[in-house]
Amino acid sequence: MRNNKTLSLDNLLDFYSSKGIVTFNSSNLKEEPIIVQTYGDVEVANEIEQGLLPVTLKCCHTGLNRNGSYISNEVMEDALSTFKNKPILADIREMPDGTYDFYSHTMEIDDENNEIIYIEKPIGVIPESCNAHLKYDEVNNKNYVEVNGYLYEEYGNKACDILREKGSTKVSIELAIYDMDYDASNNVLILKKICCNGVTALGRNPETNEEILEGMKGSCMTVSKFNKKGDFKVEIKKYNLNYELSHDDIRVKIYELLRDKDEDHYFWICEVYDDRFIYQHTGTNKYFMQYYTKEDDKIVFVDDKIEVFNQFVTENEKNLLEIMREEYKELKTFKENIEKEKERNEKENILFHSNFSIIAENHEYKQLVKDMDIYSVEEVENKAKVIFANHLMKNGAYENTTSSSANKNKVSFSIESDKDTPYGDLFK
């Protein structure tokens with residue numbers, strides 16, 4: 001049995017584009033539907049039901065998605081009824097700060113029996129009367145699926161308390177794909193028949209405390225009223241219109257870069273963080289960590305990949321490893337601070353030496369003292385010498401008056417006022 005996650009749409013797109021498959025129909029092929037994840041949002045409504053916390057869910061949108069899939073309005077309309085009577089699930093974990101939060105869409109794959117064992121548990125339901133409908137979002141210019149749901153007060157395992165505290169949280173919608181085509185010319189999966197299997201609440205990674213991001217930024221809405229008919233009246237929050245790569249965008253671009261580097265093998269991205277990701281190389285079954293940077297909407301790999309290892313440890317071993325990591329971070333920070341302090345002392349010894357006392361009030365020199373931290377020791381020394389030399393050129397002489405041996409340390413410098421001759425010193 002191994003831990004795993006459901007296939008995402010960008011994973012599916014990567015597989016189809018690499019294999020050259022152009023169509024899939026579960027009925028014609030007598031196959032089970034393909035299960036994938038997409039993302040949305042859930043928020044608290046006013047509480048009016050005993051033992052139930054009303055929520056509203058803003059799910060996947062129609063049109064072209066960032067993960068390379070396309071769902072028409074007609075296909076989504078046909079799928080609206082499949083949102084009824086589906087579970088709302090969560091894997092609730094204790095975070096490093098002692099609070100509780102939702103984690104992610106987690107499960108185990110039983111290879112021996114060929115079945116999925118879900119780790120997350122039901123915390124609520126999307127009822128028959130969920131009022132599933134498409135709602136146009138003027139800001140994003142897309143139609144989103146909105147449905148009403150409930151979380152269980154007594155049986156939700158802290159879910160209601162977590163959501164009340166947060167007010168809103170991201171969600172992962174699990175879709176079953178029954179029919180689709182692959183458009184190779186545009187590298188797009190065209191979904192033709194889909195079904196909602198359930199919704200999972202997303203929160204933070206219990207190991208790193210990093211937020212599990214949704215794939216569609218700007219989908220958050222605030223519920224202002226829940227009336228007796230069961231309809232939600234909503235108002236749109238202010239949107240941040242500055243484009244920023246989501247983790248879903250980053251994952252897609254990482255797959256593209258990996259595929260460009262090695263077209264003969266497949267890759268499975270296990271985790272994506274703000275500056276690095278972990279992936280499995282299916283050709284060797286080895287795991288690697290690769291650092292990256294974000295430059296506008298581009299992803300750039302930093303240095304070479306580093307092999308990492310997936311090992312099973314006991315709780316005591318895990319706690320010991322975490323202590324060792326924290327101690328290593330502290331030692332690394334301590335070392336960096338010592339090196340910075342040493343470097344600054346070297347810069348101060350140069351700048352505050354008596355040789356430069358004559359230019360201590362020089363504006364350019366004072367600015368150099370102020371900005372010393374942004375330069376290396378060598379750069380500070382060179383800049384100080386240039387300012388010193390310019391001062392001598394301008395004033396014509398220099399005498400170190402701070403030395404006890406004035407005659408010994410006296411330096412004279414003069415500029416002759418004779419005009420240059422066309423023959424230099426030839427006739428002198």
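# Salt bridges and strands: a chat

Student: At 32% relative accessibility, what does Arg 344 count as?
Tutor: Arg 344 counts as partly exposed. Buried means under 20% relative accessible area, exposed means over 50%, and partly exposed is in between, with a 1.4 Å probe and protein chains only.

Student: What kind of model is this?
Tutor: It is a predicted model, in which local features need pLDDT of at least 70 and side-chain atom pairs count only at pLDDT 80 or more, while totals for chains, interfaces and linings use all residues. Residues are numbered from 1 along each chain as its sequence is written, and side-chain values use heavy atoms, leaving out hydrogens and water.

Student: Back to Arg 344. Which side chain does it meet in a salt bridge?
Tutor: That of Asp 373, at 2.5 Å from N to O. The pair links distant parts of the chain, 29 residues apart: Arg 344 is in helix H6, and Asp 373 is in the loop between helix H7 (363–370) and helix H8 (377–395). A salt bridge here is a side-chain nitrogen of Lys or Arg within 4 Å of a carboxyl oxygen of Asp or Glu.

Student: Why can side chains like that pair?
Tutor: Because side chains of opposite charge can pair when their charged atoms come close.

Student: And how exposed is Asp 373?
Tutor: Asp 373 counts as exposed, at 52% relative accessibility.

Student: Which residue forms a salt bridge with Lys 347?
Tutor: Glu 343 does, and the closest N and O atoms are 3.4 Å apart. Both lie in helix H6 (residues 315–351), four residues apart, which is about one turn of the helix.

Student: Is Lys 347 buried or exposed?
Tutor: Lys 347 is buried, with a relative accessible area of 1%. Glu 343 is partly exposed, at 35%.

Student: How many salt bridges does the rule give?
Tutor: The count comes to 18. One of them joins the side chains of Asp 275 and Arg 276, 2.9 Å from N to O. Asp 97, Asp 101, Lys 166 and Arg 204 are linked in a network of salt bridges.

Student: New topic. How many helices and strands are there?
Tutor: The chain has eight helices and 23 strands. These are DSSP runs numbered from the N terminus: H or I of at least four residues for helices, E of at least two for strands.

Student: How do S11 and S12 run?
Tutor: Strand S11 (residues 107–110) and strand S12 (residues 115–118) run antiparallel, joined by four bridges. Two strands pair if DSSP finds at least two bridges between them. The bridge partner of Ile 109 is Ile 116 in S12.

Student: What about the hairpin; which residue takes a positive phi?
Tutor: Asn 114, with phi near 55°. The hairpin of S11 and S12 has four residues between the strands.

Student: Which residues make the nonpolar surface patch?
Tutor: Val 313, Leu 320, Leu 321 and Met 324 make a patch of about 340 Å². Leu 320 lies in helix H6. Patch residues have over 30% relative accessible area and no salt bridge; nonpolar side chains (Val, Leu, Ile, Met, Phe, Trp, Tyr) are joined within 5 Å, like charges within 9 Å.

Student: How much of the whole chain is buried?
Tutor: Of its 428 residues, 40% count as buried. The chain exposes about 26,200 Å², and carbon and sulfur atoms supply 48% of that. Accessible areas come from the Shrake-Rupley method with a 1.4 Å probe; for residues, only the protein chains shown count as cover.
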